[in-house]
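Please keep the sequence and the model in view while reading.

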Amino acid sequence: RPKDMDARIVLGEAYKMLGQDDKCIEQWTAVLKQMPDNLPVYFQLANIIGRTLKPDAVETALAAIPGAKRDLVNLAIGRLYDSRGQYEAAAEAYGRVASRQDTSEDARSLARLFRAEALARANHLDQALIELDQLTTSRAGRMQALYYKAALLAAGDRPAEADKALAEVVR
């Protein structure tokens with residue numbers, strides 16, 4: 001029942017604000033058992049569990065939740081690494097999702113976009129652009145990838161290439 005799950009999410013947030021992490025984790029775990037496709041809850045849960053555990057242990061904890069989706073666990077771990085400034089590790093976690101053929105196109109596209117962002121933050125601009133080029137061939141993430149590509153190129157002082165990427169957007 002979605003309303004019950006919404007209440008559990010809010011209750012978990014309240015517990016988090018009160019510093020009662022164990023109760024928060026209990027609520028959000030219950031949400032994932034009932035709604036295993038809820039990516040924002042994976043992100044939140046990884047963050048709070050990550051307060052006391054290393055990312056590998058967080059990944060194990062998330063994967064142990066009945067019904068947990070491997071791809072969403074990997075995306076959450078990538079986000080956890082990202083939040084810690086470990087961009088190369090984040091890119092690797094996102095890459096695991098992006099490379100799986102048994103993953104939905106939407107999940108692969110999201111993973112590629114997150115991977116490109118992490119690579120760019122790790123100062124691997126050319127690798128980020130390659131990732132975005134691969135994403136522009138996908139229906140699911142094409143426009144977002146072109147916008148992000150243009151922004152990266154502009155920030156990298158490559159205005160002619162940025163203009164070309166933006167021209168593809170309006171086509």
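Lys149 is buried, because its relative accessible area is 15% (buried means under 20% relative accessible area, exposed over 50%, and partly exposed in between, with a 1.4 Å probe and protein chains only). This is a predicted model, in which local features need pLDDT of at least 70 and side-chain atom pairs count only at pLDDT 80 or more, while totals for chains, interfaces and linings use all residues. Residues are numbered from 1 along each chain as its sequence is written, and side-chain values use heavy atoms, with hydrogens and water left out.

**Salt bridges**

- The structure holds 14 salt bridges, a salt bridge being a side-chain nitrogen of Lys or Arg within 4 Å of a carboxyl oxygen of Asp or Glu.
- Lys149 and Asp133 meet through their side chains in a salt bridge, at 2.5 Å from N to O. This pair links distant parts of the chain, with Lys149 in helix H9 and Asp133 in helix H8, 16 residues apart (helices, H or I, of at least four residues, and strands, E, of at least two, are DSSP runs numbered from the N terminus).
- Asp133 counts as partly exposed, because its relative accessibility is 33%.
- Lys69 forms a salt bridge with Asp37, and the closest N and O atoms are 3.0 Å apart. Lys69 lies in the loop between helix H4 (55-63) and helix H5 (70-83), and Asp37 in the loop between helix H2 (21-34) and helix H3 (39-49), so the pair ties together parts that are 32 residues apart in sequence.
- Lys69 is partly exposed at 34% relative accessibility, whereas Asp37 is exposed at 55%.
- Glu59, Glu92 and Arg96 are linked in a network of salt bridges.

**Nonpolar surface patch**

- Met143, Tyr147 and Leu166 form a nonpolar patch on the surface, with about 290 Å² of accessible area together. Patches are made of residues with over 30% relative accessible area and no salt bridge, like charges being joined within 9 Å and nonpolar side chains (Val, Leu, Ile, Met, Phe, Trp, Tyr) within 5 Å; accessible areas come from the Shrake-Rupley method with a 1.4 Å probe, and for residues only the protein chains shown count as cover.
- Met143 is found in helix H9 (residues 142-155) and is partly exposed, at 38% relative accessibility.

**Positive phi values**

- Asn123, a residue other than glycine, has a positive phi near 65°. Asn123 sits in the loop between helix H7 (105-121) and helix H8 (125-136) and is exposed, at 70% relative accessible area.
- Asp157, also other than glycine, has a positive phi near 60°. Asp157 is found in the loop between H9 and helix H10 (159-170) and is exposed, at 66% relative accessibility.
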